[in-house]
Amino acid sequence: MTTIRPLTATAPARTPARTPVLDPAAVPAAPRWAVRAAHLAAVTALPAGLWRLGLVAGWHGGYSDAGYHAVGFSGWGAVWPLTLSVLTEALALLTLGLVRPWGTVPPRWVPFLGGRPVNPRAVVLAASLGAAGLVVMWTPFAAWWSVEHPYMTPTGHLLVGLLYLPSVLWGPLLAAVTVSYHRRHRAASAVRPS
C-alpha cells in the first residue's frame with residue numbers, strides 16, 4: 001500500500017551568491033594609443049602569413065629550388081602553412097577585442113559566450129599568457145640575420161627576415177593593450193554600485 005505523507009513547509013532553496021556582472025556601458029573607452037596599438041598588433045602577423053600563402057601557391061619566396069622542394073609545400077604539405085596563416089591572423093585579430101565593445105560582451109553569434117559579459121580577469125589572464133608566449137617565441141627571431149639558412153638565397157634570407165620582423169612587436173603590443181584593458185575594467189568595477 002502507498003502511504004500519503006502530509007506536505008510540510010520547507011525552507012526555500014538557497015541560491016549561490018553570484019558575482020555582480022559588470023555593466024559594459026560602465027567601461028571607459030579605450031585610449032587612442034591602445035586602439036592604435038591593437039590595430040598594429042592585429043597586422044603584425046600579416047606579412048609572414050601572406051608569405052606562407054605565396055609558398056603554397058608555388059612562389060619560392062626566397063627558397064632555392066632545392067630548398068623549396070625539400071620543405072614540401074605541395075599536396076598535404078600545403079595544409080600546415082595554410083592553417084598556420086589563418087590561425088595566426090585570427091589570433092592577432094583578437095587583440096582588437098581588447099579595445100572594442102565585443103571584448104566585454106561578445107556578439108550573440110559567438111558560440112558559448114555570445115550576448116553575455118565575459119569575465120575581465122579571464123580575458124586579462126588569457127591575453128597576458130598570450131603576450132608572454134609571443135615574446136618568448138618571437139624575440140629570438142630578432143637574431144634571424146645572424147643565423148645561416150642554407151635552403152634560402154641571400155635575397156630570400158633578407159626578404160623572410162623583413163617579413164617576419166613585425167611579429168617581434170606582436171607580444172609587446174598585446175601586453176600594452178592588455179594593461180589598458182585591465183585598467184579600464186578595474187576602473188569600471190571600482191565605480192560599480194554594491
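Trainee: Why does Pro 47 count as partly exposed?

Mentor: This is a predicted model, and every value here is computed from it. Pro 47 has 23% relative accessibility. Buried means under 20%, and exposed means over 50%. The value falls in between, so Pro 47 is partly exposed.

Trainee: Where does Pro 47 lie, and what is it in contact with beyond its neighbours within four places in sequence?

Mentor: Pro 47 lies in helix α2. With those neighbours left aside, Pro 47 is in contact with Leu 163 and Pro 166. The C-alpha atoms of Pro 47 and Ser 167 are 8.7 Å apart, although 120 residues separate them along the chain.

Trainee: Which residues meet where α2 packs on α6?

Mentor: From α2, they are Pro 47, Ala 48, Trp 51 and Arg 52. From α6, they are Val 160, Leu 163 and Tyr 164. By class, this contact has six nonpolar residues, no polar ones and one charged residue.

Trainee: Now α1 and α4. Why are they called roughly antiparallel?

Mentor: Helix α1 (residues 32–43) and helix α4 (residues 79–93) cross at roughly 175°, and their axes come within 7 Å. That angle is over 145, which makes α1 roughly antiparallel to α4. Ala 41, Ala 42 and Val 43 of α1 make the contact with Glu 89, Ala 92 and Leu 93 of α4. By class, five residues are nonpolar, none is polar and one is charged.

Trainee: What makes Leu 96 count as buried?

Mentor: Leu 96 has 17% relative accessibility. The cut-off for buried is under 20%, so Leu 96 qualifies. Leu 96 is found in the loop between α4 and α5. Apart from neighbours within four places in sequence, Leu 96 is in contact with Ala 38, His 39, Ala 42 and Trp 102. Leu 96 and Arg 36 are 60 residues apart along the chain, with 9.6 Å between their C-alpha atoms.

Trainee: Phe 112 lies in that loop too. Is Phe 112 buried or exposed?

Mentor: Phe 112 has a relative accessible area of 76%. Exposed means over 50%, so Phe 112 is exposed.

Trainee: What makes the phi of Phe 112 worth a remark?

Mentor: The phi of Phe 112 is near 70°, a positive value in a residue other than glycine. Most residues other than glycine have a negative phi.

Trainee: Where is Val 135, and why is Val 135 called partly exposed?

Mentor: Val 135 is in helix α5. Its relative accessible area is 33%. That lies between the 20% and 50% cut-offs, so Val 135 is partly exposed. Beyond residues up to four places away in sequence, Val 135 touches Pro 140, Gly 171 and Pro 172. Val 135 and Ser 167 are 32 residues apart in sequence and 9.3 Å apart in space, C-alpha to C-alpha.

Trainee: Which residues of the largest nonpolar core touch the most other members?

Mentor: Trp 51, Tyr 63, Leu 98, Tyr 164, Trp 170 and Leu 174, out of 36 residues. α1, α2, α5 (120–138), α6 and α7 (167–190) each supply at least two residues of this core. Trp 170 touches residues including Ala 41, Ala 92, Leu 134 and Trp 138.

Trainee: How many helices and strands does the chain have, and how much of it is buried?

Mentor: The chain has seven helices and zero strands. Buried residues are 34% of its 194. Among contacts between residues at least 6 apart in sequence, 72% join residues at least 24 apart. The chain exposes about 12,800 Å², with 69% of that from carbon and sulfur atoms.

Notes: Residues are numbered from 1 along each chain as its sequence is written. This is a predicted model: local features need pLDDT of at least 70, side-chain atom pairs count only at pLDDT 80 or more; totals for chains, interfaces and linings use all residues. Side-chain values use heavy atoms; hydrogens and water are left out. Contact means heavy atoms within 4.5 Å. Helices (H or I, at least four residues) and strands (E, at least two) are DSSP runs, numbered from the N terminus. Ala, Val, Leu, Ile, Met, Phe, Trp, Tyr, Cys and Pro count as nonpolar, Asp, Glu, Lys and Arg as charged, and the others, Gly among them, as polar. Axes are lines fitted to C-alpha atoms, for helices over the stretch in contact, and angles run from 0 to 180 degrees between N-to-C directions. Angles under 35 degrees count as roughly parallel, over 145 as roughly antiparallel, 65 to 115 as roughly perpendicular and the rest as oblique. Buried means under 20% relative accessible area, exposed over 50%, partly exposed in between (1.4 Å probe, protein chains only). Accessible areas come from the Shrake-Rupley method with a 1.4 Å probe; for residues, only the protein chains shown count as cover. A nonpolar core is a set of buried Ala, Val, Leu, Ile, Met, Phe, Trp, Tyr and Cys residues joined through side-chain atoms within 4.5 Å.
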